[in-house]
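Subject: Structure handover and notes

Hello,

Here is the structure we discussed. My notes follow below it.

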Amino acid sequence: MRILHFKEWHRFKASLGSLPFDVLEWRIDILKENQPTAFEAVIRDFQTTFPKKELMVTYRTEKREVNEEEKEKREEVYTYLLTQPLDYIDVECSFIAEHLPLWGEWPKEHLLVSTHLYGEEAKQRVAIGSELLELEPKQIKMAVDPLGLSQDTDWLLLEQERWTQAEIPFSLMVMQDCGKWSRALAPELEEQFVYASVGSCCREEGQFTANEMKQIEEELWQRRKKSKKQTQCDN
Ligand SMILES: O=C1C[C@@](O)(C(=O)O)C[C@@H](O)[C@@H]1O
């Protein structure tokens with residue numbers, strides 16, 4: 001399943017029709033105009049234009065520590081999002097604790113929890129995973145740093161195992177350019193989600209565009225076919 005990472009609806013809407021994607025991730029936190037009332041028209045327009053695609057909304061800030069005003073703003077946005085017919089709402093794990101009363105009423109089938117792990121101690125990481133697991137989200141996405149955590153295979157395998165046991169799809173991505181391998185191999189590793197960009201002008205570091213991801217998938221498929229043939233000939 002491919003997710004298209006996306007910011008400005010009116011600027012990019014026209015180019016979406018020809019792109020391969022299943023879910024559109026709309027990063028409303030980055031928009032200048034992020035008043036809840038401004039979202040509604042876009043949500044409706046998306047659903048009318050792409051009735052077969054899913055919509056994910058992400059609202060988060062880069063900073064873990066936020067002031068009272070920002071907290072209120074976030075609370076207002078989440079309260080609004082809860083009333084909307086969305087397929088996924090991506091919530092960064094560090095914000096969940098603050099808004100727990102809100103999540104209590106959350107329709108869990110829409111909740112995607114995310115965590116970006118950089119430099120946490122192993123114990124802390126396991127605790128974050130446990131806290132998230134308790135929320136029983138629809139999906140979990142973990143983004144890890146390219147040189148540290150992605151090498152900690154014991155932890156990653158254990159984490160993956162407990163989510164699999166709970167039957168909650170787990171997606172892992174290694175960030176930045178040197179973590180690109182994790183996105184390229186995502187179809188092979190059967191990751192539930194792989195994030196791609198609309199075009200090369202607006203990609204996050206490490207992201208392929210949606211068209212590049214499609215080519216990678218086709219290439220992997222061809223190679224698998226070739227190697228199956230080869231094995232049959234060898235036998
Ligand atoms: O967490 C992620 C992953 C991401 O940062 C990426 O690098 O593909 C893109 C973000 O929009 C998304 O919420």
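Where does Q176 lie? Q176 sits in the loop between β7 and α8 (180-184). Helices here (H or I, at least four residues) and strands (E, at least two) are DSSP runs, numbered from the N terminus.

Two points before the rest. This is a predicted model: local features need pLDDT of at least 70, side-chain atom pairs count only at pLDDT 80 or more, and totals for chains, interfaces and linings use all residues. Residues are numbered from 1 along each chain as its sequence is written.

Overall

The chain has nine helices and nine strands. Buried residues make up 27% of its 235 residues. A residue is buried if 20 or more other C-beta atoms lie within 10 Å of its own, exposed if 12 or fewer, and partly exposed in between; C-beta atoms are placed from the backbone. Of the contacts with a separation of 6 or more, 62% involve residues 24 or more positions apart. A contact means that two C-beta atoms, placed from the backbone, lie within 7 Å.

The sheet

The nine strands form an open sheet with parallel pairing. Its order is β7-β6-β5-β4-β3-β2-β1-β8-β9. The edge strands are β7 (170-174) and β9 (208-209), each pairing on one side only. Two strands pair if DSSP finds at least two bridges between them.

Take β1 (residues 2-6). Four of its five residues are buried. β1 pairs with β2 (residues 23-27) in the parallel sense, over four bridges. I3 has V23 as its bridge partner in β2, and H5 has E25. β1 also pairs with β8 (residues 194-197), again parallel and over four bridges. There, R2 has V194 as its bridge partner.

Now β7. β7 pairs with β6 (residues 139-144) in the parallel sense over five bridges. K141 has S171 as its bridge partner in β7.

The ligand shell

Around the ligand are H5, E25, R27, T58, D90, S114, A143, Y195, E204, G206 and Q207. Near means that the C-beta atom, placed from the backbone, lies within 6 Å of the molecule. By class, the shell has two nonpolar, five polar and four charged residues. Ala, Val, Leu, Ile, Met, Phe, Trp, Tyr, Cys and Pro count as nonpolar, Asp, Glu, Lys and Arg as charged, and the others, Gly among them, as polar. H5 and E25 are in this shell and are also bridge partners.

Helix α6

Helix α6 (residues 122-134) has 13 residues. At 1.5 Å a residue it should span 18 Å, and its end C-alpha atoms are 19 Å apart, which agrees. The expected span is 1.5 Å times one less than the number of residues. R125, G129 and L132 are buried in α6. Seen down the axis, the buried residues fall within an arc of 65°, so they line one face of the helix. The arc is that of the directions from the helix axis to the C-beta atoms. An α-helix has 3.6 residues a turn, so residues three or four places apart point the same way. The face turned away from the buried side carries the exposed residues K123, Q124, A127, S130 and E134. Just after α6, E136 takes a positive phi of about 50°.

Loops and other sites

Back to Q176. Its phi is near 65°, a positive value in a residue other than glycine. Q176 is partly exposed because 13 other C-beta atoms lie within 10 Å.

E167 is in the loop between α7 and β7. Its phi is positive, about 60°, although E167 is not a glycine. E167 counts as exposed because it has 7 C-beta neighbours inside 10 Å.

L157 lies in helix α7 (residues 153-165). It counts as exposed, with 10 C-beta neighbours inside 10 Å.

F50 lies in the loop between α2 (36-49) and β3 (54-58). It counts as partly exposed, with 15 C-beta neighbours inside 10 Å. The C-alpha atoms of F50 and T37 are separated by 21 Å, at 13 residues apart along the chain.

Best wishes
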